[in-house]
Amino acid sequence: MEHVEGEAVARTLVENHRHFLSFLERRVGSRAVAEDMLQAAFVRAVEKGDALREGESAVAWFYRLLRNALVDHYRKQAAEGRALEREAREATEEGPDPELKSAVCACVGELLPTLKPEYAELLKQVDLEERSVPEVAAEVGITPNNAGVRLHRARQALKHQLERSCGTCATHGCLDCSCQRRREAGSQQSEG
């Protein structure tokens with residue numbers, strides 16, 4: 001493409017910027033994404049300006065570039081969606097993170113003796129051993145409904161103990177619990 005012809009094509013594309021942006025935005029549903037796609041398409045147009053066929057309208061040629069960009073965008077979205085689904089499926093199949101579960105169980109295990117014995121036992125069997133409420137209720141000799149109420153109260157009591165013991169870690173959901181570091185420091189001092 002000659003320099004003068006290239007300038008005319010560029011001017012035509014710039015003049016149609018608003019139409020191109022609208023075209024993309026309607027299809028992707030986001031102005032920001034549409035702007036990014038349009039910017040990339042303008043760069044591609046400059047790089048591939050010689051791909052414009054003789055007699056072909058610059059606008060029609062650019063719309064073809066935009067349609068290809070849309071196809072690429074949808075393929076990328078589909079691939080990302082499949083990757084997220086695979087990740088979610090693997091996370092569900094693997095179950096909870098064993099290291100996290102171990103840390104939580106250790107912290108909860110230390111606090112269980114501070115609760116009423118019936119609360120501690122219910123929490124241990126339902127939450128730590130992952131047994132069903134009806135199964136534990138039958139074993140203890142209470143109704144599942146009563147066990148559910150007792151479990152709720154036990155969890156509330158445990159939450160209160162966690163907040164007292166762990167302070168802001170429990171309140172704000174900190175996974176790097178400072179009470180764990182205090183316990184480790186205390187056990188190292190008692191060893192030394």
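**Notebook: helix packing and nonpolar cores**

I began with Leu 66 and found that, leaving aside residues up to four places away in sequence, Leu 66 touches Phe 20, Phe 23, Leu 24, Leu 38 and Ala 41. I note here that the model is a predicted one.

Next I looked up the other core, and found that apart from this one lies a core of 15 residues, which includes Leu 111, Tyr 119, Leu 123 and Val 126.

I then turned to the largest nonpolar core, which has 21 residues, and asked which of them touch the most other members. They are Leu 13, Phe 20, Leu 24, Leu 38, Phe 62 and Leu 66. Two or more residues of this core come from each of helix H1 (3–15), H2, H3 and helix H4 (58–94), and H4 gives the most, with eight residues.

My last entry is on one pair of helices. Two packed helices are described by the angle between their axes and by the distance between those axes. For helix H2 (residues 17–28) and helix H3 (residues 31–47) I noted an angle of about 130°, with the axes 8 Å apart. This angle makes H2 oblique to H3, and H2 passes H3 in a right-handed crossing.

Which residues make the contact? On the side of H2 I listed His 17, Phe 20, Leu 21, Leu 24, Glu 25 and Val 28, and on the side of H3 I listed Arg 31, Val 33, Ala 34, Glu 35, Met 37, Leu 38 and Phe 42. Sorted by kind, the residues of this contact of H2 with H3 are nine nonpolar, one polar and three charged.

Definitions and conventions:
Residues are numbered from 1 along each chain as its sequence is written. This is a predicted model: local features need pLDDT of at least 70, side-chain atom pairs count only at pLDDT 80 or more; totals for chains, interfaces and linings use all residues. Side-chain values use heavy atoms; hydrogens and water are left out. Axes are lines fitted to C-alpha atoms, for helices over the stretch in contact, and angles run from 0 to 180 degrees between N-to-C directions. Helices (H or I, at least four residues) and strands (E, at least two) are DSSP runs, numbered from the N terminus. Angles under 35 degrees count as roughly parallel, over 145 as roughly antiparallel, 65 to 115 as roughly perpendicular and the rest as oblique. A crossing is left-handed if the near helix is turned anticlockwise from the far one by less than a right angle, and right-handed if clockwise. Contact means heavy atoms within 4.5 Å. Ala, Val, Leu, Ile, Met, Phe, Trp, Tyr, Cys and Pro count as nonpolar, Asp, Glu, Lys and Arg as charged, and the others, Gly among them, as polar. A nonpolar core is a set of buried Ala, Val, Leu, Ile, Met, Phe, Trp, Tyr and Cys residues joined through side-chain atoms within 4.5 Å. Buried means under 20% relative accessible area, exposed over 50%, partly exposed in between (1.4 Å probe, protein chains only).
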